[in-house]
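I opened the model to look up a few local features. My entries follow in the order in which I made them.

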Amino acid sequence: MKNTILVTGGAGYIGSHTTLALLEAGFEVIVLDNLCNSSVDSLNRVQKICNKLPIFIEGDIRDRILLNNIFTTYKISAVLHFAGLKAVGDSVNNPLEYYENNVAGSVNLCSAMAQANVFNLVFSSSATVYGESTQMPINERAPTATPTNPYGRSKLMVEELLKDLSYSDARWSIALLRYFNPVGAHQSGLIGEDPNGTPNNLVPYISQVAIGKLKKLSVYGDDYPTPDGTGIRDYIHVVDLADGHLKALQAISKTGGVNIWNLGTGIGYSVLEMIRAFEMASQKSVPFQIVNRRQGDIAECWADPMKAQQELGWKTERKLNDMMVDTWRWQSLNPYGYKTSSNSVK
Ligand code: NAD
Ligand code: UD1
């Protein structure tokens, strides 16, 4: 019998790469996505790569009747839960949307899972739950801190609610995957990150400058206590990240309880190092100017990934140059992302 996995948010950036990895590993995949920040084309592209198509259901994790239907129609063994909103600035202006989608949506999903006796869950958390950590690299024992924005708080709230759930009922087996900074794209150049409007995150911004869609990058501060003064992050290739989900899925089918794993490389790069690496990979120049710090940013953040290495047998394989080469391939082959031109709808 086929092992069937429900992937919420599976048409999105990380979800589509993970759906591909699941299909390639022989799982049957059901994607539930309301397409509020994605296109079903990502899944058609997944089919082009691996010759398999997930079952796609357009719908919302807040729709309990739909969820009940899905769980009664299919024999689902586990859920990978990516669905949610993720733009930090937007979350400050629209907190209710963030708490509704990310927190209430997760509550709804867990209730439907419990009703259907499905207790294996992998949740997309974020290194943002560590706040401004004083220890570097950050391991999973580092205390969490209240994040500075509603998006971050919604992630921490879901982590807490999943812990409560697992204490209340030993049948739950949950992975909280704390991603560091996902970047890159599948090496086929067929799937990748397709931000709506002007990107907020560094690598999509750099690649849009390189292709000429944006004039120049603003580097947010060069007065941090880091070697070159710019912020340091742990950038992880999205294909390595997707593999981490498969390993976590395997692990929670045996462990039980709540398991927290950092998914990062263990190496930090500064903004200036990222610009140089991108220029080298793309052979394009990336003009930039130094501006003031961005509110809410921290100086440095990188993972201690040893726990995932020891317990999951997972470690990243792709290096900074791979991240940049793959980002550039995706960007140059798809200048408008999944759209065919600058004015077509996603
Ligand atoms: P994404 O926006 O590309 O993917 C999220 C998907 O969820 C989208 O396809 C969107 O349409 C869908 N969605 C949103 N709300 C929904 C709802 N209510 N019902 C059904 N579908 C819904 O984002 P991503 O980068 O792939 O991120 C995936 C997850 O990982 C998110 O939960 C995000 O918070 C988390 N995360 C992302 C990053 C990052 O840098 N990309 C870092 C840490 C954590
Ligand atoms: C951001 C979010 C974080 C989220 C993460 C996931 C903020 C404050 N934090 O993290 O909650 O989990 O994305 O993707 O938004 N930079 C520039 N110029 C730019 C963009 C970024 O200099 O135009 C710098 C930033 O100051 C930072 C680094 O690049 O030092 C990385 O930024 P970004 O890609 O936005 O990620 P984070 O800030 O780490």
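**Entry 1**

I looked up Pro 137 and found it in the loop between β5 and α6. Helices here are DSSP runs of H or I of at least four residues, strands are runs of E of at least two, and both are numbered from the N terminus. The peptide bond from Met 136 to Pro 137 is cis, with omega near -5°. I then went to Asn 51, in the loop between α2 (41-50) and β3 (55-58). Asn 51 is not a glycine, yet has a positive phi of about 65°. I noted both because most residues other than glycine have a negative phi, and most peptide bonds are trans.

**Entry 2: conventions**

The model is predicted, with local features needing pLDDT of at least 70 and side-chain atom pairs counting only at pLDDT 80 or more, while totals for chains, interfaces and linings use all residues. Residues are numbered from 1 along each chain as its sequence is written, chains are lettered from A and ligands numbered from 1 in the order in which they are written, and side-chain values use heavy atoms, with hydrogens and water left out.

**Entry 3: ligand 1**

I listed the residues around ligand 1, taking a residue as near if one of its heavy atoms lies within 4 Å. There are 27, and the closest are Asp 33, Asn 37, Ser 38, Lys 86 and Asn 101. By class, the shell has eleven nonpolar, eleven polar and five charged residues. In this scheme Ala, Val, Leu, Ile, Met, Phe, Trp, Tyr, Cys and Pro are nonpolar, Asp, Glu, Lys and Arg are charged, and the others, Gly among them, are polar.

Next I checked polar contacts, which are pairs of N or O atoms within 3.5 Å; within protein, one must be able to donate a hydrogen and the other to accept it, and residues adjacent in sequence count only if both atoms are side-chain atoms. A side-chain N or O atom of Asn 37 is 2.7 Å from an oxygen atom of ligand 1. For the side chain of Tyr 151 the distance from an N or O atom to a ligand 1 oxygen is 2.8 Å. Gly 12 uses a backbone N or O atom, 3.3 Å from an oxygen atom of ligand 1. On its own, ligand 1 has 820 Å² of accessible area, of which the protein covers 95%. Accessible areas come from the Shrake-Rupley method with a 1.4 Å probe; for residues, only the protein chains shown count as cover.

The elements giving two or more residues to this shell are α1 (13-24), β5 (120-126) and α6 (150-168). The largest share, three residues, is from β5.

**Entry 4: ligand 2**

I repeated the search for ligand 2. It has 18 residues around it, and Leu 202, Ser 218, Arg 233, Arg 294 and Asp 297 are the closest. The shell divides into eight nonpolar, seven polar and three charged residues.

Which backbone atom lies 2.9 Å from an oxygen atom of ligand 2? It is an N or O atom of Tyr 220. A polar backbone atom of Leu 202 is 2.8 Å from an oxygen atom of ligand 2. From the side chain of Arg 294, a polar atom lies 2.8 Å from a ligand 2 oxygen. Ligand 2 exposes 730 Å² when taken alone, and the protein buries 87% of that. Strand β8 (residues 217-220) gives the most to the shell, with four residues.

**Entry 5: a three-strand sheet**

I traced an open sheet of three strands in the order β12-β9-β14, with mixed pairing. Two strands pair if DSSP finds at least two bridges between them. The edges are β12 (269-270) and β14 (300-301), each with a single partner strand, so one side of each has no neighbour in the sheet. Strand β9 (residues 232-233) pairs with β14 in the parallel sense over two bridges. I located one bridge: Ile 232 has Glu 300 in β14 as its partner.
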